[in-house]
Amino acid sequence: LPKKGHCCVPLCSASAKFNGILSFHGFPTYSDLRRQFLVNIRRDHFMIASHTRVCSRHFASDQLIEPTTLGGRRRLIKGAVPTLFEWNGYKVDPPRRSVWERTERRPELVPPDDQEEHSLTRDHDYCSVPEPSALDISASAAEDLSKDVETEEGRVQREFGLQRFAGSDTDIRFYTRYT
């Protein structure tokens with residue numbers, strides 16, 4: 001248990017004795033905020049006493065209200081929680097950018113004002129009929145491919161000696177274990 005007048009945050013040695021720069025703040029009475037204090041200072045099963053304090057080093061400057069008078073005390077804004085610690089270098093990392101901001105995207109190829117005109121040309125027209133010459137070309141290409149496949153099968157049979165199994169009683173599946 002930290003001594004009276006000392007900061008209860010682990011690794012913090014701040015003391016109120018002979019220290020006029022730091023301010024020391026008690027734990028809130030509101031249970032959710034009190035739980036957030038304990039989570040942030042990394043104290044799970046910590047017994048909070050009436051003299052348990054957290055020093056001002058652990059609060060961001062926008063969470064502290066400076067005194068208005070010479071003898072006044074520094075106070076915390078409502079809902080303030082400690083966020084600055086030795087284990088995070090006494091700084092709060094900026095909020096993480098969203099996926100949309102982190103993802104690189106290709107630059108738009110079409111200027112925005114011409115986009116409507118080009119969006120019609122990108123779509124496929126399912127109702128169009130190909131030219132007869134295109135059908136003839138694709139049919140002849142398919143015939144050429146089938147001839148290539150037939151010659152390829154003959155070449156494989158010759159190179160691997162599979163032609164001897166073509167008419168014999170011996171089945172190639174016996175030798176290759178393929179069923």
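Helices (H or I, at least four residues) and strands (E, at least two) are taken as DSSP runs, numbered from the N terminus. The model is predicted, with local features requiring pLDDT of at least 70 and side-chain atom pairs counted only at pLDDT 80 or more, whereas totals for chains, interfaces and linings use all residues. Residues are numbered from 1 along each chain as its sequence is written, and side-chain values use heavy atoms, with hydrogens and water left out.

H58 is placed in the loop between β2 (53-55) and β3 (64-65). With a relative accessibility of 0%, H58 counts as buried (under 20% relative accessible area; exposed is over 50% and partly exposed in between, with a 1.4 Å probe and protein chains only). Leaving aside residues up to four places away in sequence, H58 is in contact with C7, V9, C12, P82, T83, L84, F85 and Y90 (heavy atoms within 4.5 Å).

Pockets were located on a 1 Å grid over the protein atoms alone, as open sets of points where a 1.4 Å probe fits, with protein on both sides within 12 Å along at least five of seven lines; lining residues have an atom within 4 Å of a point. The largest pocket holds about 250 Å³ of space, a volume being the space filled by probe spheres set on the points. Its lining consists of G20, I21, L22, S23, F24, H25, E66, P67, R73, R74, R75 and L76, with at least two residues supplied by each of β1 (24-26) and β4 (75-76).

The second largest pocket holds about 170 Å³, and its lining includes F27, Y30, F37 and K78.
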